[in-house]
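Subject: Structure handover

Hello,

Please find the structure below, followed by notes on what was found in it. Could you read the notes with the structure open?

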Amino acid sequence: MEERMNQDQPSTEGRCGRFWNGMDLLKDVTENKHFLPTGLEGVDTLLGGGLRQGQLTEVTGPSSSGKTQFCLHSASHVAAKHMGVVMYLDTSNSFSPGRIATIIDGTPGLFGQRAYGVQLLGFDLQPKDVRLKSIMRNIICESVFDIFALSEVLHQLEVSLLNDKEKNGGSRIRLLIIDSISSLLAPIIGGKYPQGRAMMISVAMTLKKLADEHNLSVLVTNHMVSAGNGAVKPALGESWKAVPHVRLVISRERGSNMCTATVLKHTLLYAAVFSFPPRWFLMYAGQQQQ
Amino acid sequence: MANMPVSEMRLPPHLAHLLAARRLDTAKDVLSLPEVELMAVLDAGLPTARAAVAHVSEAACPPCQTALALLEERVRLGGGGRLATTLCGLDEALGGGIPVGKLTEVVGPSGIGKTQFCLKLALLGALPEYYGGLDGRVLYIDTESKFSSRRMIEIGQKSFPQVFRQEGLAQKMAGRILVTRPTSLTDFTKSLEQMKVTLLQHDVKLLIVDSMAALMSLENERATGFRQHPLRWTLSFLKSIAEFSRIPVVVTNQVRSQSNVDGYHFSFEVDKKDGNNCTGGFDSHLVAALGIQWAHAVTVRLVFESHSGHRFIKVAKSPMSPAVAFPFVVETSGVTLLSDEGIDVTGPEITSIRCQGKNVLAQ
Amino acid sequence: MVVMVLFAISAGPTGSSDLIFLLRTAPALPPRLLIRRPVSRRSSADRPRPASHRSSSAGSARSSGSCCSSSSAPPPPRRRRFLAGGSDAGRAVATRRVLDMGAGENNPLGAQNAWDMLSEEQSQKHITTGSGDLNGILGGGIHCKEVTEIGGVPGVGKTQLGIQLAINVQIPVEYGGLGGKAVYIDTEGSFMVERVYQIAEGCISDILEHFPHSHEKSSSGNKQLQPEHFLADIYYFRICSYAEQIAAINYLEKFLGEHKDVELCIYTSQVRIVIIDSVTFHFRQDFDDLALRTRVLSELSLKLMKIAKAYNLAVVLLNQVTTKFTEGSFQLTLALGDSWSHSCTNRVILYWNGTERYAYLDKSPSLPVASAPYAVTGKGVRDVSSNHKRVRVT
């Protein structure tokens, strides 16, 4: 993959202002826009392979439905299986490195099923711990607590991605996760002033641009809020609704570890794929229970 | 301090001008706007908006004390401040009596003795300190026209015969109790607003509202929004009165029968309790008339209830003491405990309000 | 000095076990010492790769941490602040962020990789709740750097738990505690200082029970174990309106900055917990514009998150309950609405189960859903088993 990107280098510069024909786009899609499996089989099948590079995927669900677990899983899997770098922007201090270690450790075929405990920092470092370390060092977490900080981080990310592209022929960052974007956007939208909405749209545009130009897969989480009459709906309203390429709703039965994911919107999958049962039961939270 | 004028905050001049020009006059005006909206209102950048918020916040933030300083102040003001109810067991359980500066609620079915209890408290508030009272005036907000001076004097004469032997003391005591009888919610709100003045003018040492629920007549807590608003306002007003005038505030509350049992579990509990929703076959299922929000706000809750042939005063919520219940009777001398030895109460019994209809009628 | 050692080892050829050793033997140090970036050594020539390779050579001691990863492993990613160094715009932005924080080089909000966070997390101590069972479901107690919401019906013991935490955070380091201070923001007026004194006494008597030899220690050690000492380290704010609540939370950042001890000794004592009892009260009383309330509250929760992370402290929010109509029946739920329900890291619900008080961990990024019994005794929050006799408070 790395090599292919190197070869690809000339075609990726100066995207803006350039006209693309269908063949170019097709080539770009087939060569650069891969699916990044989340490691959750049900979801991967549902999404046609996983989180797509170049696309913005949104996960929404009620509080404590498993959104953060989904993000942690995706981050672990992408880092472990693809040795890609994952940027994790955390707004609610819920990025749990211990949980990441458990997930990586529990991923079959990587380390076997050893339970991960406090002995992690023991004197003897097993080869698999070395592996674990190198995987975990590919997951970068940064805390972001307001929309301005988010804009700055995204700006810096863009600058560094451009630098990487010039110098090294492409970045190793594969996945950008924002958990959760709605808590950053909630204070700024809905007032009588238009600025908040403008900022939201500008963030959305930046995310999409980053995704497309640098072959990132962007995963954001959104809240579910009450829609009146007891029902719930994703937060952030109509103008955000158009932003993500894929919208996924997660729900969890109270007291159970079974999560259900449902696709609300998908721009890529054609009808035939939807003939899959629309609901897949995921066992991913099941690993929480010891 | 929420209404502190921005002009008195000694902000840097450019910020002060900016805020004044946009008619953001008080701390509340500035702080109820999210950052982005403030930027829009001020038509300024993020650093300016943040500086304004930081300055205003620092000025409007109430002063900080250490808990030790609080304790020392409490000691300096004498004894922690309690109004002893003269019911020994109850006083002991409450750490000396009804706490000063806090909201205490008395809840129970009608006819059980809430008003009797309040009358006694009113009398105690008026009594000279020498006899264990607060030696001040008592403001008694009587929404149900139940206050009876005669009954109060009777209670006084029976419980403190040696005190009331003095000539004219009974009249003097009765004269210290200021009763208002608001007939509607608006009346009541008005009288509350005047209260701050009254409290200062008359050296009021105790405030009793009997009963709160009658005014609110909220048959259902779930009717949220508009109807709850006066309740919420009253609630915070009474609490602030208690705190800043350093007086005990006692409020009575009625009960209503609970229409729907499953309204009182968390969703995760429902799975576990499958089919076991009946929380223990009480004689009848009653809840306090003012809903759960009110229950959160009171600091001490005394439940008056009747079961197994007796009436009980139960300390259902108190930061100082575990839940205990005391059997009591209402005599000519008012509420009297049958025993000063409390009965420990556990589990759902603490929050339940029981009422044996037959028993109440019989007495 | 420690930084130098760490760096020397990490730059050495020996591999990771030494580094790990260092991390293990230095748990008493504040984590920020371990993560301090040795700026002056940034261009150390020992690095196995040329400085121009990828991004830049700038790296923290933690991300350039060691060379245990074989050469096939990718070079660790850097803080993008330096990674963006080529661009003036990027640098300007970075500088501003440093200024924003005021903390200079030790910006705790900067990017970190998961491995470093893991080792940091494992050296963290948690604030005990007083009940072993409760600590069990919380993964050892209340975690620093996280926002924990505790809700429950009236009288179930929210305030008691809040006061208990304000006391327990002060258990001195030599007795296994954090030796920190507490900020208590009281919006309801339910903070009874006599009760705080009792709980402090209860805590001290438990410490002495567990460490029977402690009275042989020097008098300075005993001086710490006085209830007055515990009370003096609780900063109390009495809040009377929602505007004051917002003001207090905004001011908190400055307050914490002023009360942060610069000394890096082991007994460094700084605020390690902020308790808001309750976050709900004033927002439920007098906020008419519900949409605005949602926006203000979500901004508030982000500020609390930021404080928790930046000052390495635990934020505990006590919340009230309300009834809500869902799935055809009325159920209890925590107040302030759906939007607020997303804005905490952990959520614990206290409830009655039969005759016992139970805590239910409703939300946590790292721990399974679980419940455990606890008891409120005269001494404070304790395990149920140790509480067959209720102590009557007089």
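Two residues are in contact if their C-beta atoms, placed from the backbone, lie within 7 Å. By that rule, residues 24 or more positions apart account for 68% of the contacts in chain B with a separation of 6 or more.

This is a predicted model, in which local features need pLDDT of at least 70 and side-chain atom pairs count only at pLDDT 80 or more, while totals for chains, interfaces and linings use all residues. Residues are numbered from 1 along each chain as its sequence is written, and chains are lettered from A and ligands numbered from 1 in the order in which they are written.

Confidence

The predictor gives the complex an ipTM of 0.80 and a pTM of 0.78. Chain C has a mean pLDDT (the predictor's confidence in each residue, from 0 to 100) of 70, and 63% of its residues reach 70 or more. The pLDDT is below 50 over residues 1–106 of chain C, a stretch that has 142 contacts in the model beyond near neighbours in sequence. It is also below 50 over residues 387–394 of chain C, with 17 such contacts. Where pLDDT is low, the predicted coordinates should not be read in detail.

Chains A and B

Helices (H or I, at least four residues) and strands (E, at least two) are DSSP runs, numbered from the N terminus. Chain B has 16 helices and 15 strands. Of its 363 residues, 47% are buried, meaning that 20 or more other C-beta atoms, placed from the backbone, lie within 10 Å of the residue's own.

In chain A, helix α4 (residues 67–82) has 16 residues and reaches 22 Å from its first C-alpha to its last, close to the 22 Å expected at 1.5 Å a residue (1.5 Å times one less than its number of residues). Because 14 of the 16 residues of α4(A) are buried, this helix is largely enclosed by the rest of the structure. M83(A) follows α4(A) and has a positive phi, near 50 degrees.

Interfaces

Between chains A and B, 10 residues of chain A are in contact with 10 residues of chain B. Helix α9 (residues 195–213) of chain A gives the most to the chain A side, with 3 residues.

Between chains B and C, 64 residues of chain B are in contact with 58 residues of chain C. On the chain B side, the largest share, 7 residues, comes from α13(B).

Two strands pair if DSSP finds at least two bridges between them. Ten strands form an open sheet with mixed pairing, in the order β1(B)-β4(C)-β3(C)-β5(C)-β6(C)-β2(C)-β9(C)-β10(C)-β11(C)-β12(C). Its edge strands are β1 of chain B and β12 (380–382) of chain C, each pairing on one side only.

Where do the chains join in this sheet? Strand β1(B) runs antiparallel to β4 (residues 234–238) of chain C and is joined to it by 3 bridges. C64(B) has F237(C) as its bridge partner in β4(C).

Within chain C, 7 bridges join the antiparallel strands β9 (residues 346–353) and β10 (residues 356–363). Here V348(C) stands opposite L361(C) in β10(C).

Regards

Terms used
Buried ≥ 20, exposed ≤ 12 C-beta atoms within 10 Å, placed from the backbone.
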